[in-house]
Amino acid sequence: MARMPGNRHVTFQPGELGQVLSVVDKKTGVLKPDKNIDRAVKDAIRFGYVHPASTTRCVRILKEDAAYPLFGQEDRPCPVCDRGT
């Protein structure tokens with residue numbers, strides 16, 4: 001994830017994660033934002049892929065899954081959820 005800072009909080013603007021996970025309409029070929037983003041994040045939490053406090057605006061990467069080196073301070077507060085690591 002290109003925007004993962006040292007605190008492992010990958011942040012998104014409202015609706016942005018839906019755009020990232022867009023699906024192609026088979027009839028028109030147009031990208032349509034995924035409408036099941038909340039469920040996708042909950043499933044990722046349930047399967048242990050992301051931290052349990054993750055949301056559609058702040059996906060928190062588990063420490064053991066973080067790519068190194070990380071950029072920035074690990075304890076820097078997240079601008080979305082206001083938490084550090």
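Biologist: Is arginine 60 buried or exposed, judged by its relative accessibility?

Modeller: This is a predicted model, and the values that follow are computed from it. Buried means under 20% relative accessible area. Arginine 60 has 7% relative accessibility, so this residue counts as buried. Arginine 60 belongs to strand S4, which covers residues 58–60.

Biologist: With which side chain does the side chain of arginine 60 make a polar contact?

Modeller: The partner is histidine 9, and the contact between the two side chains is 3.4 Å.

Biologist: Which residues make up the largest nonpolar core?

Modeller: In soluble globular proteins, nonpolar side chains tend to be buried together. Here the largest nonpolar core has ten residues: Met4, Val10, Phe12, Leu17, Ile37, Val41, Ala44, Val50, Val59 and Ile61. Helix H2, residues 37–46, gives the most to this core, namely three residues.

Biologist: What is alanine 44 in contact with, once its neighbours within four places in sequence are left aside?

Modeller: Alanine 44 is then in contact with Tyr49 and Val50. Of these, Val50 is itself listed in the core, as is Ala44.

Biologist: Where do arginine 46 and aspartate 43 lie?

Modeller: Both lie in helix H2, three residues apart, which is about one turn of the helix. Their accessibilities are as follows: arginine 46 counts as exposed because its relative accessibility is 59%, and aspartate 43 counts as partly exposed because its value is 26%.

Biologist: Over which ring does the charged end of arginine 46 sit?

Modeller: The charged end sits over the ring of phenylalanine 47, at 4.5 Å from the ring centre.

Biologist: How is the aromatic pair of phenylalanine 47 and tyrosine 49 to be described?

Modeller: A pair of aromatic rings is described by the distance of the centres and the angle of the planes. The count in this model comes to one aromatic pair. Phenylalanine 47 and tyrosine 49 form this pair, with 5.9 Å centre to centre and 35 degrees between the planes, and the pair is tilted.

Biologist: Are phenylalanine 47 and tyrosine 49 buried or exposed?

Modeller: Both phenylalanine 47 and tyrosine 49 are exposed.

Definitions and conventions: Residues numbered from 1 in each chain as written. Predicted model: local features only at pLDDT ≥ 70, side-chain atom pairs only at ≥ 80, totals over all residues. Heavy atoms only, no water. Helix = DSSP H or I, 4+ residues; strand = E, 2+ residues; numbered from the N terminus. Buried < 20%, exposed > 50% of the residue type's maximum accessible area, 1.4 Å probe, protein only. Polar contact = N/O pair within 3.5 Å; in protein donor to acceptor, adjacent residues only side chain to side chain. Phe/Tyr/Trp six-rings, centres within 6.5 Å; stacked < 30°, edge-to-face > 60°. Lys NZ or Arg CZ within 6 Å of the ring centre and 35° of its normal. Core = buried A, V, L, I, M, F, W, Y, C linked by side-chain atoms within 4.5 Å. Contact = heavy atoms within 4.5 Å.
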